[in-house]
Amino acid sequence: QYSQTTYAKLYKLIGTNFCKKYTSRTDTTGTNKCSSGKFAVPDYRGYFLRALGSADDLYYKGGSGTYSYYIPQYEQLPNITGRFYVARSENLGSGAFTKGATSGYYSNHHDAKDGGYYDFSAANSNTIYSGSHVIPANYAANVFIYAGE
């Protein structure tokens with residue numbers, strides 16, 4: 001944290017926007033971590049920087065226009081899904097596996113229709129599997145090309 005008066009020009013440019021700490025991929029409010037009269041500079045350790053474009057550009061590249069310079073865009077992986085059928089109707093699913101409705105398939109050990117199916121969704125076990133693209137954790141940044149004076 002830096003003094004707002006000692007570094008008045010820098011503080012005028014970025015304000016207290018980088019004082020907030022975000023705790024999860026759904027936290028868009030953050031908690032203020034700066035002391036009174038102080039401000040923070042960006043801490044991009046562990047993040048990639050991406051050039052900030054329009055919201056449409058971000059959307060079509062797998063990002064979200066709701067992310068700004070100050071809020072990280074967390075990593076995402078495409079969801080992995082699947083289904084398999086079983087010959088018993090007990091609910092044995094957990095984690096990424098969920099028991100679907102008894103489907104009326106004949107089991108191998110009974111004459112009754114007691115079989116069912118299990119669905120697999122990686123998103124059930126971890127929210128990182130929530131996207132449609134692979135996205136590394138990143139922050140948006142303006143990109144400037146300096147051509148000299």
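**Note on the predicted model**

1. The chain has two helices and nine strands. Helices (H or I, at least four residues) and strands (E, at least two) are DSSP runs, numbered from the N terminus. Along the sequence the order is β-α-β-β-β-β-α-β-β-β-β.

2. This is a predicted model: local features need pLDDT of at least 70, side-chain atom pairs count only at pLDDT 80 or more, and totals for chains, interfaces and linings use all residues. Residues are numbered from 1 along each chain as its sequence is written, and side-chain values use heavy atoms, with hydrogens and water left out.

3. Of the 149 residues in the chain, 28% are buried. Buried means under 20% relative accessible area, exposed over 50%, partly exposed in between (1.4 Å probe, protein chains only).

4. The structure holds one salt bridge. Asp43 pairs with Arg45, and their closest N and O atoms are 2.6 Å apart. A salt bridge is a side-chain nitrogen of Lys or Arg within 4 Å of a carboxyl oxygen of Asp or Glu. Asp43 is partly exposed, at 40% relative accessible area. Arg45 is exposed, at 69%.

5. Look next at Leu13. It is found in helix α1 (residues 8-14). Leu13 is exposed, with a relative accessible area of 72%. Together with Tyr2, Tyr7, Leu10 and Val41, Leu13 makes a nonpolar surface patch of about 490 Å². Patch residues have over 30% relative accessible area and no salt bridge; like charges are joined within 9 Å, nonpolar side chains (Val, Leu, Ile, Met, Phe, Trp, Tyr) within 5 Å. Accessible areas come from the Shrake-Rupley method with a 1.4 Å probe; for residues, only the protein chains shown count as cover.
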